[in-house]
Amino acid sequence: DMKVTQMPRYLIKRMGENVLLECGQDMSHETMYWYRQDPGLGLQLIYISYDVDSNSEGDIPKGYRVSRKKREHFSLILDSAKTNQTSVYFCASSFAPTSQNTLYFGAGTRLSVL
Amino acid sequence: QQKVQQSPESLSVPEGGMASLNCTSSDRNFQYFWWYRQHSGEGPKALMSIFSDGDKKEGRFTAHLNKASLHVSLHIRDSQPSDSALYFCAASEQNNYAQGLTFGLGTRVSVFP
């Protein structure tokens with residue numbers, strides 16, 4: 001079954017706490033992504049990972065870092081979370097880096113930073 | 001300025017009717033286009049891709065691409081309540097692997113009985 005799984009689905013944190021969002025895929029896709037979705041801003045790319053330990057900044061990487069130690073697993077870390085990082089975070093994967101490859105998204109993690 | 005612009009922002013369509021969504025790009029480097037659909041509480045899901053000028057039909061959905069004007073459209077025939085969702089247009093550049101997909105802000109489609 002082709003699936004991208006995100007954990008947790010909902011998370012509430014206090015400002016200054018560290019946050020770990022986890023993502024797994026069972027399709028052996030090389031490329032994985034983290035996006036955030038905000039009203040009026042759409043989907044914005046945070047980081048791309050081309051394979052294990054091969055990561056690249058997206059459009060809005062400030063305040064985030066990522067880790068990919070296994071091909072099927074990609075983590076997003078917020079060190080000392082800020083209230084403006086309240087958002088819905090989506091992980092996605094594709095067979096290879098786009099140009100022509102479809103992205104498969106997880107169901108998202110809704111993060112609230114209080 | 002958004003590189004991928006969608007219109008209208010929202011659309012109400014009677015069940016069985018036709019929904020028409022539009023997307024334009026301001027970046028001539030974009031070569032490949034997708035339509036994604038997102039139901040409430042879920043992640044976006046690819047509906048269809050279109051890479052060549054002209055029409056592409058998949059079931060009730062037809063996409064049209066005009067690369068000269070960088071205009072993409074999506075037409076949903078015989079709209080169903082399950083088509084109520086947020087529709088994103090997305091684009092990518094040829095051989096620019098660092099960018100991923102660039103998404104528009106979406107068109108919210110509501111199908112009423």
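**Close-up views of a two-chain predicted model**

View 1. Together, chain A and chain B bury about 1,700 Å² between them. Of this area, 56% is on carbon and sulfur atoms. The model shown here, and in every view below, is predicted. Interface size is often given in this way, as the accessible area lost when the parts come together. On chain A, 24 residues make contact with chain B. On chain B, 24 residues make contact with chain A.

**View 2. Polar links across the interface.** How many residue pairs are in polar contact between chain A and chain B? There are four, with both residues of each pair at pLDDT 80 or more. The count of salt bridges between chain A and chain B is zero.

**View 3. The side of chain A that touches chain B.** Three strands of chain A each give two or more residues to this side: S4 (31-38), S5 (42-51) and S6 (54-57). S5(A) supplies the largest share, five residues. Sorted by class, this side of chain A has 12 nonpolar residues, 10 polar ones and two charged ones.

**View 4. The largest nonpolar core.** This core has 24 residues. Which of them touch the most other members? They are B:Leu21, B:Phe33, B:Trp35, B:Leu74 and B:Tyr87. Several strands of chain B give two or more residues to the core, including S3 (19-25), S4 (30-38), S8 (71-76) and S11 (107-112). S9(B) gives the most, with four residues.

View 5. Another core lies apart from the largest one. That other core has 20 residues, among them A:Met27, A:Leu76, A:Ala81 and A:Tyr89.

**View 6. B:Ser110 in its strand.** B:Ser110 sits in strand S11 of chain B. Is B:Ser110 buried, partly exposed or exposed? B:Ser110 counts as partly exposed because its relative accessible area is 34%, between the cut-offs of 20% for buried and 50% for exposed. Not counting residues up to four places away in sequence, B:Ser110 touches B:Leu11, B:Ser12, B:Val13 and B:Ser84. B:Pro44 is 66 residues from B:Ser110 along the chain. The C-alpha atoms of B:Ser110 and B:Pro44 are separated by 17 Å.

How values were computed. Residues numbered from 1 in each chain as written. Chains lettered and ligands numbered in written order. Predicted model: local features only at pLDDT ≥ 70, side-chain atom pairs only at ≥ 80, totals over all residues. Heavy atoms only, no water. Contact = heavy atoms within 4.5 Å. Buried area = accessible area lost by both parts, 1.4 Å probe. Salt bridge = Lys/Arg side-chain N within 4 Å of Asp/Glu carboxyl O. Polar contact = N/O pair within 3.5 Å; in protein donor to acceptor, adjacent residues only side chain to side chain. Nonpolar A, V, L, I, M, F, W, Y, C, P; charged D, E, K, R; others polar. Core = buried A, V, L, I, M, F, W, Y, C linked by side-chain atoms within 4.5 Å. Buried < 20%, exposed > 50% of the residue type's maximum accessible area, 1.4 Å probe, protein only.
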